[in-house]
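Here's a quick briefing to read alongside the structure. Have the viewer open, and pick out the residues as they come up.

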Amino acid sequence: MNQAQVEFVLRIADDSLILGHRLSEWCGHGPILEEDIAMTNIALDLIGQATSLLNHAAALQGEGKTGDDLAFLRFDRDYRNLLLVEQPNGDFGMTMMRQFLFDAYRTILFERLQASSDEMIAAIAEKSLKETKYHLKHSSEWVIRLGDGTEESHARIQESLNTLWRYTNELFYTDAVDEEMHRSGILPDLSDLREQWEDTVNRVFQEATLSIPTNNWKQEGGRKGMHSEHLGYILAEMQYMQRAYPNMEW
Amino acid sequence: MVTTTEIWRWLEEVSDPEIPVLTVVDLGVIRSVETDGKNAHIVITPTYSGCPAMKMIEDQIIEKLKEKGVVNCTVALTLAPAWTTDWISQEGRNKLREYGIAPPENEPDKTVLFAKPTVVPCPKCGSSNTRMISLFGSTACKAHYQCNDCLEPYDYFKCLK
Ligand SMILES: [Zn+2]
């Protein structure tokens, strides 16, 4: 088993899983029917990606576990998702801002991973990229609409940006895991990731008349399993059935 | 002796659970069919990562082949190459339109951001004076449109490539 490779796949998988779960909390609570449907469709794509990725991680581990075991039976410190994706939904604008910051990053990541030397990762990336492009189109349009909307929508989504900006530095987090993945060709070159991401973000924020916060205090830790207090609540809800009724299926 | 040609024909009797007017062959999710004359092995690919219909499609294929006398049929799932709406057959596109779902348009879709919504003709009256209501419709593969002329609300099978 290649420990770094498992770790790497878990990072991408957990981003999909936790954000997919967060978005699905909107089911039945969307501000309008169309957006209720949109958010749950995006959640479905993300959970689908997480399923493929977690199955792959389980196969790489070779311990006889399934993707479901990894989704439902790990402890909070074993999750590798970004702090950004576990942040609470807030209002609709907050959810769209979180989604946009993430989608802008994810599109670039999947574009590059299509050339991964791990054929399964390459296949999942190719498939997921097509979906992620639609997510990005959707979230960026809402950021523009709310930012360049009414006085209230502008103020509220600017506030969301101010709150979430501190978690964006973690999108570019790298450590020994990434270095090893680069060496083995599993992770193609990403040195311009930040530059590309900033390009998208700046274009959309300009259109949306939003300004990037000048406060540069940043928070990270998710990639190492150090999470905000919010993850525990997500897991409590997500894992309840498997913990209460081990091995149950339906 | 069972032949692959026969199996392909039988698969045309298996409909997509979400859009029953299409068969799984029309949809382009059948990637390969193999047989040694007795057993069958079929490879399918999902339309979207989270497509909840895949398990049901798999079960229906096994069920259909059993009905035709192929007792031993295995179905495998592949992700690559990724499914694209280009694989929906011409016949499938016609069936969609008749059913009231606008088939995928050839979208250039390379500059995702700031692109105008695609013009999707109304499947009811054919008018191009239509508008997008939402990029996401009743299933992951559809968007929601409305005709400005006849006022018909309709699904658009959105382009994925
Ligand atoms: Zn019409």
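Predicted model: local features only at pLDDT ≥ 70, side-chain atom pairs only at ≥ 80, totals over all residues.

Chain B splits into domain 1 (4–83) and domain 2 (87–157). Chain B and chain A bury about 2600 Å² between them, and the salt-bridge count over all chains comes to 19.

**How the two domains of chain B meet**

- The C-alpha centres of domain 1 of chain B and domain 2 of chain B sit 26 Å apart.
- On the domain 1 side of chain B, 15 residues make contact with 14 residues of domain 2 of chain B.
- Together, domain 1 of chain B and domain 2 of chain B bury about 1200 Å², with 72% of that on carbon and sulfur atoms.
- Three residues stand out here: B:Ile19, B:Val21 and B:Asp26 supply 42% of the area that domain 1 of chain B buries against domain 2 of chain B, more than any other three residues.
- The interface of domain 1 of chain B and domain 2 of chain B has 1 salt bridge.
- B:Asp26 pairs up with B:Lys95 in a salt bridge, and their closest N and O atoms are 2.5 Å apart.
- Polar contacts between domain 1 of chain B and domain 2 of chain B come to 2 residue pairs, both residues at pLDDT 80 or more.
- Sorted by class, the side of domain 1 of chain B that touches domain 2 of chain B has 9 nonpolar, 3 polar and 3 charged residues.

**Where chain B meets chain A**

- Contact here involves 29 residues of chain B and 31 residues of chain A.
- Of the roughly stated total, about 2600 Å² buried between chain B and chain A, 66% is on carbon and sulfur atoms.
- How many salt bridges are there between chain B and chain A? The count is 0.
- Polar contacts do turn up between chain B and chain A: 6 residue pairs, both residues at pLDDT 80 or more.
- On the side of chain B that touches chain A, the classes are 18 nonpolar, 6 polar and 5 charged residues.

**Salt bridges within the chains**

- A:Glu152 and A:Arg156 form a salt bridge, with 2.8 Å between the closest N and O atoms.
- Both A:Glu152 and A:Arg156 belong to helix H7 (residues 151–164) of chain A, 4 residues apart, or about one turn of the helix.
- A:Arg156 counts as partly exposed, because its relative accessibility is 43%.
- B:Glu13 forms a salt bridge with B:Lys64, the closest N and O atoms being 3.1 Å apart.
- B:Glu13 is in the loop between helix H1 (4–11) and helix H2 (24–27) of chain B, while B:Lys64 is in helix H3 (residues 54–67) of chain B, so this pair ties together parts 51 residues apart in sequence.
- B:Lys95 and B:Glu91 both lie in helix H4 (residues 90–99) of chain B, 4 residues apart, about one turn of the helix.
- Over in chain A, salt bridges that share partners join A:Arg11, A:Asp175, A:Asp178 and A:Lys224 into one network.

- A:Leu190 sits in the loop between helix H8 (176–183) and helix H9 (193–207) of chain A.
- Is A:Leu190 buried or exposed? A:Leu190 counts as buried, because its relative accessible area is 15%, under the 20% cut-off.
- Leaving out residues up to four places away in sequence, A:Leu190 touches A:Leu109, A:Arg112 and A:His182.
- From A:Leu190 to A:Leu210 is 20 residues in sequence and 27 Å in space, C-alpha to C-alpha.
- B:Thr45 is in the loop between strand S2 (40–44) and H3 of chain B, and B:Thr45 is buried at 0% relative accessibility.
- A polar atom of the B:Thr45 side chain lies 2.8 Å from the backbone oxygen of B:Thr78.
- Beyond its neighbours within four places in sequence, B:Thr45 is in contact with residues including B:Val29, B:Met54, B:Leu79, B:Trp83 and B:Trp87.

How values were computed
Residues numbered from 1 in each chain as written. Chains lettered and ligands numbered in written order. Heavy atoms only, no water. Domains from an automatic or database assignment. Contact = heavy atoms within 4.5 Å. Buried area = accessible area lost by both parts, 1.4 Å probe. Salt bridge = Lys/Arg side-chain N within 4 Å of Asp/Glu carboxyl O. Polar contact = N/O pair within 3.5 Å; in protein donor to acceptor, adjacent residues only side chain to side chain. Nonpolar A, V, L, I, M, F, W, Y, C, P; charged D, E, K, R; others polar. Helix = DSSP H or I, 4+ residues; strand = E, 2+ residues; numbered from the N terminus. Buried < 20%, exposed > 50% of the residue type's maximum accessible area, 1.4 Å probe, protein only.
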